[in-house]
Amino acid sequence: MKKALAVLLVLAALTGLTACSGGLKMQNEIFRSEVGGYTFQVPEGYDHEEDTGFASITPPDYDQATGPGLILMSGEIAEDMTVEELLTQTITSSLDATFTDPVDVKVGGIKGLSIDFSMTTDGVDSNGRIVAVVVSPNRAFMLFGTSTNEKWEGHSKVINQVMKSITFFEAVAATTTQ
């Protein structure tokens with residue numbers, strides 16, 4: 001009986017460790033982009049920079065040419081632009097890639113669209129995700145995440161965790177210094 005209980009306890013512990021190791025730990029601090037009008041959390045061990053509504057999140061093994069990395073940005077858009085129009089405008093003007101169909105997502109409690117893509121740049125195959133949200137009638141939020149194919153599965157989990165941490169608030173106008 002004691003042996004069976006010990007085996008069950010070991011199995012329970014191993015199951016718990018396996019379940020926990022699959023989760024991504026986030027830093028406790030919530031980062032705030034006053035000009036962007038959003039908050040976000042960064043995965044433990046990752047670096048981040050934020051400046052006037054644009055934020056980047058990168059892991060320790062970040063490579064400028066291949067990633068992986070995330071860009072968060074917020075800015076003004078044409079009055080009453082839809083999220084569909086925003087996403088279409090973004091993908092038709094910026095990337096030579098193959099796109100999946102858009103899927104509905106919620107970011108900060110607001111309905112948005114997410115689309116994955118694949119592309120080859122300088123002989124390197126990579127994957128990415130673009131998330132678009134119209135936060136208010138004249139403000140949009142976008143998230144861009146990319147990585148090489150080899151790192152995509154893990155990086156897509158990072159993207160999802162960061163997305164879950166995002167909240168929105170009224171943006172503060174940027175000031176310029178001369």
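## Questions about a predicted model

Colleague: Leaving aside its neighbours within four places in sequence, which residues is Thr90 in contact with?
Modeller: Contact means heavy atoms within 4.5 Å. With neighbours within four places in sequence set aside, the contacts of Thr90 are Ile130, Met142 and Phe144.

Colleague: Happy with that, but what kind of model is this?
Modeller: Residues are numbered from 1 along each chain as its sequence is written, and side-chain values use heavy atoms, with hydrogens and water left out. Local features need pLDDT of at least 70, side-chain atom pairs count only at pLDDT 80 or more, and totals for chains, interfaces and linings use all residues, this being a predicted model.

Colleague: Is Thr90 buried or exposed?
Modeller: Thr90 sits in helix α2; helices (H or I, at least four residues) and strands (E, at least two) are DSSP runs, numbered from the N terminus. Buried means under 20% relative accessible area, exposed over 50%, and partly exposed in between, with a 1.4 Å probe and protein chains only. Because its relative accessible area is 11%, Thr90 is buried.

Colleague: And Ser126, is that buried or exposed?
Modeller: Ser126 belongs to strand β9, residues 124–136. Apart from neighbours within four places in sequence, Ser126 is in contact with Phe117, Ser118, Met119, Ser147, Thr148 and Asn149. Its relative accessibility is 14%, so Ser126 counts as buried.

Colleague: Which residue in β4 does His48 stand opposite?
Modeller: Two strands pair if DSSP finds at least two bridges between them. Here strands β3 (residues 47–51) and β4 (residues 54–58) run antiparallel and are joined by five bridges. The two strands form a hairpin with two residues between them. Within β4, the residue opposite His48 is Ile57.

Colleague: What is the phi of Thr52?
Modeller: Thr52 lies in the loop between β3 and β4. With a relative accessibility of 41%, Thr52 counts as partly exposed. Its phi is positive, in a residue other than glycine, and is near 45°.

Colleague: What about Asp80, is that residue buried or exposed?
Modeller: Asp80 is in the loop between β5 and α2 (83–94). Although Asp80 is not a glycine, it has a positive phi of about 65°. Since its relative accessible area is 57%, Asp80 is exposed.

Colleague: In β2, what is the bridge partner of Arg32?
Modeller: Three bridges hold β1 and β2 (residues 38–40) in antiparallel pairing. In β2, Arg32 has as its bridge partner Thr39.

Colleague: Which residues of α3 are buried?
Modeller: Helix α3 covers residues 152–165, 14 residues in all, and reaches 20 Å from first C-alpha to last, close to the 20 Å expected at 1.5 Å a residue. That expected span is 1.5 Å times one less than the number of residues. The buried residues of α3 are Trp152, His155, Ser156, Val158, Ile159, Val162, Met163 and Ser165.

Colleague: How far are the C-alpha atoms of Gly67 and His155 separated?
Modeller: Gly67 is in the loop between β4 and β5, and at 8% relative accessibility it counts as buried. The peptide bond from Gly67 to Pro68 is cis, with omega near -5°. Gly67 and His155 are 88 residues apart along the chain, and their C-alpha atoms are separated by 9.8 Å.

Colleague: How much space lies in the largest pocket?
Modeller: On a 1 Å grid over the protein atoms alone, a cavity is a set of points where a 1.4 Å probe fits but cannot get out, while a pocket is an open set with protein on both sides within 12 Å along at least five of seven lines. Grid points are joined across faces, edges and corners, and a volume is the space filled by probe spheres set on the points. For the largest pocket, that space is about 450 Å³.

Colleague: Which element gives the largest share of the lining of the largest pocket?
Modeller: Lining residues have an atom within 4 Å of a point. The largest pocket has 26 of them, with Gln64, Ala65, Thr66, Gly67 and Thr146 nearest its centre. Two or more lining residues come from each of β4, β5 (69–76), β8 (110–121), β9 and β10 (139–148). The largest share is five residues, from β10.
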